[in-house]
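The model comes first and the entries follow.

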Amino acid sequence: MKKCIKVLAAAIIGFAAVACSSAEKMAEMAENVRVECNPAVLEAVAGNIDAALTVTYPEGYFHPKAILEVTPVLVYEGGEQAAAKLMYQGEKVKDNYKVVAKDGGVVKDNAHFTYVPGMEKAYLELRGVAKYKNKSVNLPSKKVAEGVNTTYMLVKSEGMVPYKADNYMEIIPQTAEGQILYTINSSDVRSSQLRGASLKDFQAALDEIKANERKTLTGTEVVAYASPDGKEDANNKLSDRRAASANKAWSKVVKDAAAPEVKSVGEDWEGFQALVNESNIQDKDLILRVLSMYSDPAVRESEIKNMSEIYKELKGEVLPELRRARFIANVEYKNFTKEELLQLINENSDVLDEEALLRVATLVPAEQKPAVYQKAIDKFNSARAAFNLAVAYMALDQDDKAAAQLAKCTVDADVLNAQGVIALHKGDLKAAAQKFAASGTAAAKANQGIVDILSGNYAAAAENLKDAPGCCHNTTLAYILNGQIDKAAASAKCQDAPVQYLRAIIAARQGKAADAKSYLEKAGKVEKFAARAAKDIEFAGLK
């Protein structure tokens, strides 16, 4: 009798357990199921939103013959998006879903969503349907995460394509020269030299400098030499005597010029090399090569003497030109000012050389740059203008024209970088990365940092952007995304609204609510940042 009672009791308990594990009961007991979502605040990375779900089912919850269908759904402003369904089954179900024992257990799964605008303000919920026999029962929806972080979308993805620089000089150093020639081993100034064309032309140049308002005389010099075909000590002394005699001659023939700085060079080895190189001597390369082998001045002087006997041009044409004293006027020429350049490009652009046109292009508005660069191309076949024309098109959002223009340029590191930026604008991150790697410039490295941010590779982005030229925006953003908040704060030096917004994020993550609000107020003067801040999960703790 007692045995029968025990069997009956066991049957009743078993029935109760089964009854409590029916589909209806699974719905009623759904609140006992614990769900953890990682990350707790979802994050958009490279256009994707991924959540790792850890679900703990309590003992006695899952009916051995039940199937549970769970759909992760991201609900956002303007709609909702469902991830792939997650399927679970009891121990006695003959199917291929994940098994959850009646005694309870932990299962792990993932949910994936594709970002669409509006998901900044969203929450993730799980919607379940318990199926047992021919009955399906909806479980209460369970919210497991709220908010989607889209901070990476603050990246400035225009890319960096520097113009090739001009060599325009606002002040051009110039010189005017005359000279006195001496006879061999002499320091006497011959009267014919004083009356010669060289010094007359020099005086005329001084007069022109004085009359020309664009020219300023900054100094004068007398520089004396000896030809390198004698002994070094004797030549140095001869050079000194020539410096003294030339200085006396200066005061006789030069009018209205300050006293010159007097220099004695000694042997004019550099002048010898230059004159030989410019000469028509058949074996000039051999002469220079042989002489360059000797570092001892005495040996070199001996070789020059020997060669001058063989090569009469050395003796008759080269060496006499090195027995001299130069009269030098140093001048600063004031080039066209910014205002003059802007006037000339409209009124008389033909007087502008290549460098001037390249400089003018930096001064005119963006829409006028292509015409100026085209003028430099047409007139001077300027390679720099050809590249800069492509950059000007890119600045006007005319990438098709830019690409066509780049195709005309000789491929170099700058062209590769520009082509990479065009690929970046098209969303072809793979092609962009290939071009940036091939370019290797500082700008290309910074542009690769943009690719890294858009690809979700934040550590690489921080590395590539740490020394980026120009504005600090993307560098600061990369540090934020990589969790390097102190470095982000140190790099946020720009004062524009986008960086003020990044400063607000930094302050919020540091728990500095007052600072975050202050930065948001500054950024919020730009409407789009005010609108973003109202929905940005970064600032949820400030409300």
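**Basis.** I worked from a predicted model, in which local features need pLDDT of at least 70 and side-chain atom pairs count only at pLDDT 80 or more, while totals for chains, interfaces and linings use all residues. Residues are numbered from 1 along each chain as its sequence is written, and side-chain values use heavy atoms, with hydrogens and water left out.

**Entry 1: H10 and H11.** I took helices and strands as DSSP runs numbered from the N terminus (helices H or I, at least four residues; strands E, at least two). I looked up how helix H10 (residues 338-347) packs with helix H11 (residues 354-363), and found an angle of about 100° with the axes 10 Å apart. The axes are lines fitted to C-alpha atoms, for helices over the stretch in contact, and angles run from 0 to 180 degrees between N-to-C directions. H10 and H11 are therefore roughly perpendicular to each other (65 to 115 degrees; under 35 is roughly parallel, over 145 roughly antiparallel, the rest oblique). From H10, Lys338, Leu341, Leu342 and Ile345 meet Ala356, Leu357, Arg359, Val360 and Leu363 of H11, contact meaning heavy atoms within 4.5 Å. I note that the residues of this contact divide into 7 nonpolar, no polar and 2 charged. Here Ala, Val, Leu, Ile, Met, Phe, Trp, Tyr, Cys and Pro count as nonpolar, Asp, Glu, Lys and Arg as charged, and the others, Gly among them, as polar.

**Entry 2: H12.** Which residues of H12 are buried? I list Lys369, Pro370, Val372, Tyr373, Ala376 and Ile377, where buried means under 20% relative accessible area, exposed over 50% and partly exposed in between (1.4 Å probe, protein chains only). Seen down the axis of H12, these residues fall within an arc of 165°, so they line one face of the helix; the arc is that of the directions from the helix axis to the C-beta atoms. The face turned away from the buried side carries exposed Ala371 and Asp378. The cover over the buried residues of H12 includes H10, H11, helix H13 (383-395) and helix H14 (399-406). Asparagine 381, which follows H12, has a positive phi near 50°.

**Entry 3: strand residues.** I located valine 75 in strand S4 (residues 67-76); at 15% relative accessibility, valine 75 counts as buried. Leaving out residues up to four places away in sequence, valine 75 touches Glu80, Lys121, Ala122, Tyr123, Glu125 and Arg127. Threonine 175 is in strand S13 (residues 171-181).
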